[in-house]
Amino acid sequence: MKKKAERLVTFKGKTGFAVRVKRTWSEFRRNKIGVLGLFISLFFVVIAVFAPIIAPYSPSDIYVGAPLSPPSKEFPFGTDELGRCILSLIIYGSRISMSVGVIAALINISIGTIVGLICGYYRNILSDALMRVTDAFIMMPSLALMVVLAAILGPNIYTIILAIGITTWPTTARTVMSQVLSLKERQYVEAVRAAGGSDFYIIFHCILLNVLPIVFTNMILSIATAVLYEAGLSFLGLGDPTRISWGIILYYANTSGAIISGAWWYVIPPGICIILLVVAFTFVSHGLDEVLNPRLRRR
Amino acid sequence: MNELVKVENLVKWFPLRRGLFSSLFRREELFVRAVDGISFNIKEGEIFGLAGESGCGKTTTARLVLRLIEPTSGKIYFKDIDILSIDKKEMRRLRKEMQIIFQDPYESLNPRMFICDIIKEPLKLQKIGDNEEEMLEMVYEMLEKVGLTPPEEFLYRYPHELSGGQRQRVAIARALILRPKLVVADEPVSMLDVSIRAGILDLMLDLKEELNLSYLYITHDLATAKYVCDRLAIMYLGKIVEQGDTLKIVDEPMHPYAKALIDAIPVPNPRVKIRKIPVKGEVPTPIHIPPGCRFHPRCPYAKDICKKEEPPLVKVDKNRYVMCHLYS
Amino acid sequence: MKWRQIKVPLLEVNALKMYYEVKGKRWVKAVDNVSIRIDRGESLGLAGESGSGKTSLSLSIMRLLPSNGKILGGEIKFENEDILNMNYKLFKKKIAWKKISLVPQAAMSALNPVMKVGDQIVEAIIFHENVSKKEALERVKTLFKLVGLDPSRINDYPHEFSGGMRQRVMIAMALACNPKLVIADEPTSALDVIVQAQILSLIKDLQKNLNLSMILVTHDLSILSEICNSIAVMYAGKIVEYGPTLEVYEDPQHPYTKGLLAATPSIKGTRRRLKSIPGTPPDLLNPPPGCRFHPRCPYAKDICKKEEPPLVKVGGRRVVACHEV
């Protein structure tokens, strides 16, 4: 008996979560688009993390160059109206853009998943009411709602995150709910019930486990959309002016008249970064989708 | 306590969902009368078969016996306990004595869990086993018992990496790890290849001896039922029309439906061909059940009384019951 | 049973190789060097379990393969005419449904749910023959009577029929253009027992009255013995045994056939111990070398692991592919 147990414990070394991750990775590796997206995203993440080290200047270094000068050897992306190095701005800006994206996506996913799980599993008055609230939110145009929220709550990085998170969770909830509705009729759920599983266990173990792949891919995608929303809100002037994000850069590019005066280096680089990041995350989520949600996994 | 399970007058009617308009205009509510008053018992150590075509109510009965769905009326006794009167918590504890094996080996295992976790799950739910090692050992032992050897090969695989027969063995391991007294097997081999079926059935029979189990075996395939079941009950439209020793029923069925059912089964012998079945038509829907004897519209022996009165359950022999006017 | 005289067989499949292409330029060897022949009035049973290649074979004959199914060798001849390399449009017009028709697997879901059943059959008739819609409808009514359906129901939709009745509609559709050969793929697998017996009886009657030739594809040996006068047992894409039904059932030669018969329960007769075949069917991406059945065969010898056994005649019209024989 002891020997068997020992054998199994050492086996545990490569078990559970680690095995799952390893397998997902080896399949993901084959998806070229997903891997490309992953590289680009990681590139931006590295930039964001090591910004102070990578960037030649800091955002507070004003008038290090002639204002609104075109790209040159010293300033690869030129300078803004305050003479700051735009390349450095973009590097520092990645931090806010990405963190807002990630945190807003986290809020989105957490609320959305829990609401979706409960509404999908229980069919009583409470869950129906919750579902109607969700539907109401979905019907409202999200950008308009965000604008209103941000305007009311004031231009602050936390309000941006909140605004994005609150307006995007209903869609996630809907997606999760429809998954749960079909999952709860599955035979393996019935098997758990027959073995004495409580509702709580069924929802948060069996069903959640099967909903996680969709939730995970959704989360990656919602980071992309959150980055986009942040850029939009900041461009409209609702962002936090004390910080730098790509959207804020575009805002200043607009208000300082750079666009009219033809300073394309002020507008195009941040725009391209936004597009690249969004596309990269979308690619990753596509690749993950193929791995985690295989279409024909039978026989 | 010789009777492990006792079912009395079990009824399950499912209300038909109605849209807004039909509930305004139509008066009476319609029901799907899946199980319409059946009684039987399962003795300790026996394999009791419940056979019939689709729509006869056998799958619903299986779920009722385990109280996975609530009956409309009737009584269910397990080990002399009225399982309909106990509370949820006690029912959950009782569940470790009654388990189920499903028909579809591809649907009954959680696709995102490892095999060892699937088999370990019931232990965790019923709080058996003090630590991970102990539980893993029990899983290991169970894998060996169901013939999935060497167990290390299967512990950390996903269900989709195994064949249908192997998955069904996992389902059996999961059902038996709690050492239940009753196992409900809902068509456990109908979705497997023919050459694999015998192996699974033999496994079930061997384990029954080893672990002293009783089975409620649901099937539409009477040939397999003959191989496996000690006693058999044939269902039609929610009622048991004939009940008794398997071999006696299969060799000499008494109820006209049972007779037609058995005569209709082809035999793997080219010299023996199916005789023409005198039964016409197909099984009606359980929503509109014919009056009197529910089989009368298709029965070649139907008399006047069959159209008006439901036949009583007649005891024609020790252990043998038939529900037909021909014998009352 | 009169066997082949110097007659042209109705359908002849010679050394057919059909593989499915999967990701990474790999091939699933679904049908590997298969030869069969059907004479006029013969009903051949194709027996085998999942993965044996029987459905793939029938799809190949009807040229209804999915896009990744490629024919890599062999020929198919109908009445001595090469139908494999025939222009596809010509095949659809002249052969498919007119000479050979198919009752596909899960036929009951093969009906268009938004069209009346009569119209669906009329569509098929008009495509293949030059008749007016009125004539076609009359023929449909006759067909309905032939398969035991009420002719007035030609204007009903598929969901208004039960499973057994839909199967009859599919059979009517298969017979619409008076084909000489009908391929039926698991015609009764989703049906209840009594309905199954009714359909089998219908098939037997139709065969007799219309002198139909048939290929019945199924895994159920009991059904095969009801209807077919010869049987071909397939395993892992190959034919392992072939011959008159009676002979094969009473004296099976190939170990797989023996195993399959021993594993099939019978409602009549004494309760005997069923025997299953250990192991699982092979992965057709990498089938085992030599005889594909050798990993599961109780009689496997050394040669079985290296050399593929050829189909050998064992008297009369029987062939077996086994080194034991």
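Predicted model: local features only at pLDDT ≥ 70, side-chain atom pairs only at ≥ 80, totals over all residues.

Me: What makes B:Cys229 count as buried?
Reply: A residue is buried if 20 or more other C-beta atoms, placed from the backbone, lie within 10 Å of its own; it is exposed if 12 or fewer do, and partly exposed in between. B:Cys229 has 25 C-beta neighbours inside 10 Å, so it counts as buried. B:Cys229 sits in the loop between α9 (222–228) and β9 (231–236) of chain B.

Me: Which residues does B:Cys229 touch, not counting residues up to four places away in sequence?
Reply: Contact is a distance test: the C-beta atoms of two residues, placed from the backbone, must lie within 7 Å. By that test B:Cys229 touches B:Ile47, B:Phe48, B:Gly49, B:Tyr217 and B:Thr246.

Me: What makes a set of residues a nonpolar core?
Reply: Its members are buried Ala, Val, Leu, Ile, Met, Phe, Trp, Tyr and Cys residues, joined through C-beta atoms within 7 Å. The largest core here has 273 residues. Among those touching the most other members are B:Tyr217 and C:Ile183. Helix α10 (residues 199–235) of chain A gives the largest share, 16 residues.

Me: Which residues is C:Ile183 in contact with, leaving aside its neighbours within four places in sequence?
Reply: C:Ile183 contacts C:Ser58, C:Ile61, C:Met62, C:Ile100, C:Leu102, C:Ile215 and C:Val217.

Me: How do you know that β1 and β2 of chain C pair?
Reply: Strands are DSSP runs of E with at least two residues; helices are runs of H or I with at least four; both are numbered from the N terminus. Two strands pair if DSSP finds at least two bridges between them. β1 (residues 11–22) and β2 (residues 26–38) of chain C have nine bridges, in the antiparallel sense. C:Leu11 stands opposite C:Ile38 in β2(C). The two strands form a hairpin with three residues between them. C:Gly24 in that turn has a positive phi of about 90 degrees.

Me: What does β1(C) pair with besides, and over how many bridges?
Reply: Eight bridges join β1(C) to β4 (residues 69–78) of chain C, again antiparallel. There, C:Glu12 has C:Lys77 as its bridge partner. The open sheet has four strands, in the order β2-β1-β4-β5.

Me: Why are β2 and β5 (81–82) of chain C called edge strands?
Reply: Each pairs on one side only. Helix α1 (residues 54–62) of chain C packs on this sheet, touching β1, β2 and β4. Its direction makes about 70 degrees with that of β2(C). Axes are lines fitted to C-alpha atoms, for helices over the stretch in contact, and angles run from 0 to 180 degrees between N-to-C directions.

Me: How many residues does each side bring to the contact of chains A and B?
Reply: Chain B brings 27 residues and chain A brings 25. In chain B, α5 gives the most, with four residues.

Me: How far apart are chains A and C?
Reply: No contact joins chain A and chain C; their closest C-alpha atoms lie 10 Å apart.

Me: How confident is the predictor in chain A?
Reply: pLDDT is the predictor's confidence in each residue, from 0 to 100. Chain A has a mean of 84, and 92% of its residues reach 70 or more. Over residues 9–14 of chain A, pLDDT stays under 50.

Notes. Residues numbered from 1 in each chain as written. Chains lettered and ligands numbered in written order.
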